[in-house]
Every structure is written in C-alpha cells, then in structure tokens.
Amino acid sequence: TLPRGRTADRAGDVLAPQPVRLENVRDVVAGAHHSVFVTLNGAAFSCGHNAAGQLGHGTQRSFAPERVPFPADASGRDVAIEAAAAGYAHSLFADAAGRAFACGSNARGAL
C-alpha cells in the first residue's frame, strides 16, 4: 500500500492509474517495455524502452509519449494510422489505405 497521496514507488513504477498527456486516444497497445497510442486523427505516439527501435522514433528511452513519424503517402499527404500492435521488441501500424508499417527487432523474422 502506498502512503496517502503517492502514486509511484521508489523505483518510479506507477502503482495507481494516472492520466497520460494525450487527447483523443482511440487505441492503446503494449509491448514488453513500450506502449503505443493511436489517436482519433490518425497519429501514433509511443513511449518506453527503445533498445531495438520499437518506438519508431530516435529517442532511446521516452518517458512521455512522442509522435511516431511516418513517410508521407505518394500524394504527399500525412499517413493516417488506424491500428497498431506491439510485440516484445517491435511495433506494427496499419494506415487508412491498408498499408502496414513496422519498426523494431527483426531477430526472428517478426518484421
């Protein structure tokens, strides 16, 4: 049991639900040491440990969600992410056009 008013233990593990600083979240998925959020407007954000590139952005470890950059489509428009999945050390994304994107470890052919 935590002392009154505390939400994390000494190691920094959050032991009581806390709001994440994102709005309009449609979906949340989790890997072994990372989380991915998809918003209603088609953006994806990730945070956690990034040893294998599973966050999709260059930050080695991200304690707050950061936007995952995707290449523009053939017409130059931003990609609208509709779904995400996460494995032990990889992340997968699907856009509105039916294309799939992957990042992270491919050690066992997961990507």
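The questions below go through strands, ring pairs and one aspartate in turn.

Guide: Keep in mind that this is a predicted model.

Visitor: What is the secondary structure of the chain made of?

Guide: The chain has zero helices and seven strands. Read along the sequence, the pattern is β-β-β-β-β-β-β.

Visitor: How do you know that strand 1 and strand 2 pair?

Guide: Two strands pair if at least two bridges are found between them. Strand 1 (residues 25-30) and strand 2 have five bridges, in the antiparallel sense, so they meet the definition of a pair. Three residues lie between the two strands, which form a hairpin. Within this pairing, Val29 stands opposite Val36 in strand 2.

Visitor: Which way do strand 2 and strand 3 run, and how many bridges join them?

Guide: Strand 2 and strand 3 (residues 44-49) run antiparallel and are joined by five bridges. Here Val36 stands opposite Ser46 in strand 3. The hairpin of strand 2 and strand 3 has four residues between the strands, and Gly42 takes a positive phi near 90° there.

Visitor: Why is strand 2 described as largely enclosed?

Guide: Five of the six residues of strand 2 (residues 34-39) are buried, so the rest of the structure largely encloses this strand. For the chain as a whole, 30% of the 111 residues count as buried.

Visitor: How many aromatic pairs does a search of the whole structure find?

Guide: The search finds two aromatic pairs. One of them is formed by Phe70 and Phe93, with 5.1 Å centre to centre and 80° between the planes.

Visitor: What does the pair of Phe70 and Phe93 tie together?

Guide: Phe70 lies in the loop between strand 4 (61-67) and strand 5 (81-86), and Phe93 lies in strand 6 (residues 90-95), so the pair ties together parts 23 residues apart in sequence.

Visitor: Why does Phe93 count as buried?

Guide: Buried means under 20% relative accessible area. Phe93 has 4%, so it counts as buried.

Visitor: What makes the pair of Phe70 and Phe101 edge-to-face?

Guide: Phe70 and Phe101 are 5.2 Å apart centre to centre, with 70° between the planes. The cut-offs are 6.5 Å and 60 degrees, so this pair also qualifies. The pair links distant parts of the chain, since Phe101 belongs to strand 7 (residues 100-104) and the two residues are 31 residues apart. Phe101 is buried at 18% relative accessible area, because the limit is 20%. Through these ring pairs, Phe70, Phe93 and Phe101 are linked into a cluster.

Visitor: How do you know that Asp95 is buried?

Guide: Asp95, in strand 6, has a relative accessible area of 6%, so it falls under the 20% limit and is buried.

Conventions:
Residues numbered from 1 in each chain as written. Predicted model: local features only at pLDDT ≥ 70, side-chain atom pairs only at ≥ 80, totals over all residues. Heavy atoms only, no water. Buried < 20%, exposed > 50% of the residue type's maximum accessible area, 1.4 Å probe, protein only. Phe/Tyr/Trp six-rings, centres within 6.5 Å; stacked < 30°, edge-to-face > 60°.
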